[in-house]
Amino acid sequence: MTKLRISTIPDSRPVKLTIELPAEIHRDLLLYAELISGKAGETADAIPDAARLVPLMVGRFMETDRAFQKQRRGRKPASAVELAAIPSGR
């Protein structure tokens, strides 16, 4: 099997976020899900939900972004009140 950066999808409590992806990125995301399942070319029922990959990929991206991690270490955690004050973009 191809060595992928994300090999499993852990269970977690999600926060709903609505995004729009360019068609090319969506196609690649679906292909990534097929490759993770090891069932490329099979029916959609055998492939994990590609949307579950997005938080894993974003998380991995932020984990490996040295500039982000440096800034993150220098900040105090945001409180629930501060987070509630951030506009949702809707």
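# Helices and contacts in a predicted chain

Arg27 has a relative accessibility of 53% and therefore counts as exposed; exposed means over 50% relative accessible area, buried under 20%, and partly exposed in between, with a 1.4 Å probe and protein chains only. Arg27 is part of helix H1. The model is predicted, so local features need pLDDT of at least 70 and side-chain atom pairs count only at pLDDT 80 or more, while totals for chains, interfaces and linings use all residues. Residues are numbered from 1 along each chain as its sequence is written, and side-chain values use heavy atoms, with hydrogens and water left out.

## The chain as a whole

The secondary structure consists of 4 helices and 0 strands. Read from the N terminus, the order of elements is α-α-α-α. Helices (H or I, at least four residues) and strands (E, at least two) are DSSP runs, numbered from the N terminus. The chain has 90 residues, of which 12% count as buried. Among the contacts in the chain with a separation of 6 or more, 56% are between residues 24 or more positions apart; a contact is a pair with heavy atoms within 4.5 Å.

## H1 against H2

Two packed helices are described by the angle between their axes and the distance between the axes. For H1 and H2, the axes come within 11 Å and cross at roughly 95°. The two helices are therefore roughly perpendicular to each other, the term for angles of 65 to 115 degrees; under 35 is roughly parallel, over 145 roughly antiparallel, and the rest oblique. Axes are lines fitted to C-alpha atoms, for helices over the stretch in contact, with angles from 0 to 180 degrees between N-to-C directions.

On the H1 side, the contact is made by Leu29, Tyr32, Ala33 and Ile36, and on the H2 side by Leu53, Val54 and Met57. The residues of this contact are 7 nonpolar, no polar and no charged.

## The nonpolar core

The largest nonpolar core has 9 residues, namely Leu4, Ile6, Leu29, Tyr32, Ala33, Ile36, Ile47, Ala50 and Leu53. Such a core joins buried Ala, Val, Leu, Ile, Met, Phe, Trp, Tyr and Cys residues through side-chain atoms within 4.5 Å. H1 gives the most to this core, with 4 residues.

Tyr32, in helix H1, touches Leu4, Arg5, Ile6, Leu53 and Met57, not counting residues up to four places away in sequence. Ala33, with neighbours within four places in sequence left aside, is in contact with Ile47, Pro48, Ala50 and Leu53.

Pro48 sits in the loop between helix H1 (23-37) and helix H2 (53-64). Its relative accessibility is 27%, so Pro48 counts as partly exposed. Apart from neighbours within four places in sequence, Pro48 contacts Ile9, Ala33 and Ser37.

Pro14 belongs to the segment before H1. With a relative accessible area of 74%, Pro14 is exposed.

Gln69 lies in helix H3, residues 66-73. What does Gln69 contact, leaving aside its neighbours within four places in sequence? The partners are Met62 and Glu63. Gln69 has a relative accessibility of 15% and so counts as buried.

## Pairs by distance

| Pair | Separation in sequence | C-alpha to C-alpha distance |
|---|---|---|
| Pro48 and Ser37 | 11 residues | 6.7 Å |
| Tyr32 and Leu4 | 28 residues | 8.8 Å |
| Pro14 and Pro55 | 41 residues | 9.1 Å |
| Arg27 and Ala50 | 23 residues | 9.8 Å |

Terms used. Ala, Val, Leu, Ile, Met, Phe, Trp, Tyr, Cys and Pro count as nonpolar, Asp, Glu, Lys and Arg as charged, and the others, Gly among them, as polar.
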